[in-house]
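Biologist: I am new to this structure. Please show me how to read a few of the features.

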Amino acid sequence: MNSPLISIITPYYNDQDFLADAIESVLKQTYQNWELILCNHASTDDSRHIAHSFQDKRIKHIDMPKNYGAGGGLVFETMLNASTGKYVKPLCADDALKPNCLEKMVCFLENNPKLDFAFCDIAYVDEFGKDLKNTWFNARPDFSIQNDEIKLLKLYRKGIQTLPYIGSIVRRDALLNIHYDPSLIMLFDMSIWLQLLLQNKKMAYIPDVLAEYRCHREQMSGLKNEQLVGRRSFFEIPIFHDFFAKCKDVYLIKKVFSDSQYITQLKEEQDIPFIVYHAYFANSEALIHCYKLHELLDNKEYRQHLIKVFGYDIDNYRKEYSYPRNMATSNKSVQKGFKNFRTKIYKKAPKELNLFEITFLLSNRLFHILTFTNLRQKRKKKYSL
């Protein structure tokens with residue numbers, strides 16, 4: 001087998017407790033033709049000193065002037081531009097690679113030249129590195145090694161993440177045609193896989209545990225950061241949907257949005273945004289999904305096109321946002337189902353939430369803010385002279 005260079009990219013911010021373990025896991029690899037790109041985005045602890053304490057010429061250092069977010073597009077693109085390998089392997093600063101990780105993953109893609117990216121299984125460990133006796137492939141909801149590209153796109157349409165970021169390896173060439181939104185944080189890694197899939201890139205699974213995902217209290221995905229997750233998701237969810245709307249492949253959209261009531265009329269690339277935005281709008285009570293559809297209808301010329309091709313006009317739009325098809329009734333079974341749903345999502349870590357669940361948490365949060373603000377105003381008025 002050839003031994004092509006693989007670029008490992010690791011951003012870090014105040015990761016002094018775990019960064020050394022991540023770097024050492026790279027140094028211990030059985031496959032040695034690698035470069036490690038460490039990107040410090042303005043750490044205020046001892047992380048930078050730890051990173052520079054490793055004297056290996058294969059390690060490259062980047063210092064960002066500000067903290068732009070460890071999982072953000074700006075940091076990722078900066079590291080990608082500094083990489084020179086045939087393959088790119090993401091590694092978070094609080095995670096680690098198994099000694100044979102690079103060897104197995106590089107060999108897999110070298111032996112499968114038609115594949116563009118692949119995912120291995122990862123083990124869950126605690127903050128001390130103790131094995132928690134579970135893996136991503138086994139524990140992740142909706143994950144299946146049988147999920148092909150179309151099944152994955154249908155899951156991504158629902159906002160369900162099944163692909164492990166630190167379990168990934170990607171051909172660098174495939175990453176050069178991706179848009180890296182500098183503002184995305186929560187959904188950034190999903191945006192990479194989604195764009196690759198929408199570009200008809202091919203992927204596969206490696207059924208070996210080759211990395212370790214560390215579960216610890218300081219993760220951004222901790223439940224205590226629910227408000228932060230909600231605020232970020234408020235603008236990230238529509239951006240994520242935009243990737244579907246920008247797809248140019250009519251056949252692919254027909255497969256992914258096959259349940260759309262207008263899918264049989266879809267013939268032209270220019271109508272993909274309508275199909276996508278309407279599907280989200282019509283199947284959700286969250287008004288966050290409707291503003292793009294409004295923009296389409298606000299274009300007089302395109303509105304006439306919608307009337308002609310799909311029989312869709314302002315009256316249809318008004319009915320749908322006034323009386324959504326999935327509006328819940330007040331019967332006991334629905335109330336019980338809602339209670340179980342709410343209990344279930346509050347037990348999840350935010351990284352495990354899908355987009356619908358994040359939208360629910362955000363809407364719930366906004367409801368309480370508005371309700372208590374209104375109550376405070378009434379109380380202030382009542383006791384004011």
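Biologist: Why is strand β2 (residues 34-41) said to be largely enclosed by the rest of the structure?

Modeller: First, the basis: this is a predicted model, where local features need pLDDT of at least 70, side-chain atom pairs count only at pLDDT 80 or more, and totals for chains, interfaces and linings use all residues. Residues are numbered from 1 along each chain as its sequence is written, and side-chain values use heavy atoms, with hydrogens and water left out. Buried means under 20% relative accessible area, with a 1.4 Å probe and protein chains only. Strands are DSSP runs of E with at least two residues, and helices are runs of H or I with at least four, numbered from the N terminus. Eight of the eight residues of β2 are buried, so the strand is largely enclosed.

Biologist: Which residues lie on each side of β2?

Modeller: In a regular strand, side chains alternate between the two faces of the sheet. On one side of β2 are Trp 34, Leu 36, Leu 38 and Asn 40, on the other Glu 35, Ile 37, Cys 39 and His 41, and all are buried.

Biologist: How many bridges join strand β1 (residues 6-12) to β2?

Modeller: Two strands pair if DSSP finds at least two bridges between them. Here seven bridges join β1 to β2, and the two run parallel; Ile 8 has Leu 36 as its bridge partner in β2. β2 also pairs in the parallel sense with strand β3 (residues 59-64), over six bridges, and there Leu 36 is partnered by Ile 59.

Conventions:
Buried means under 20% relative accessible area, exposed over 50%, partly exposed in between (1.4 Å probe, protein chains only).
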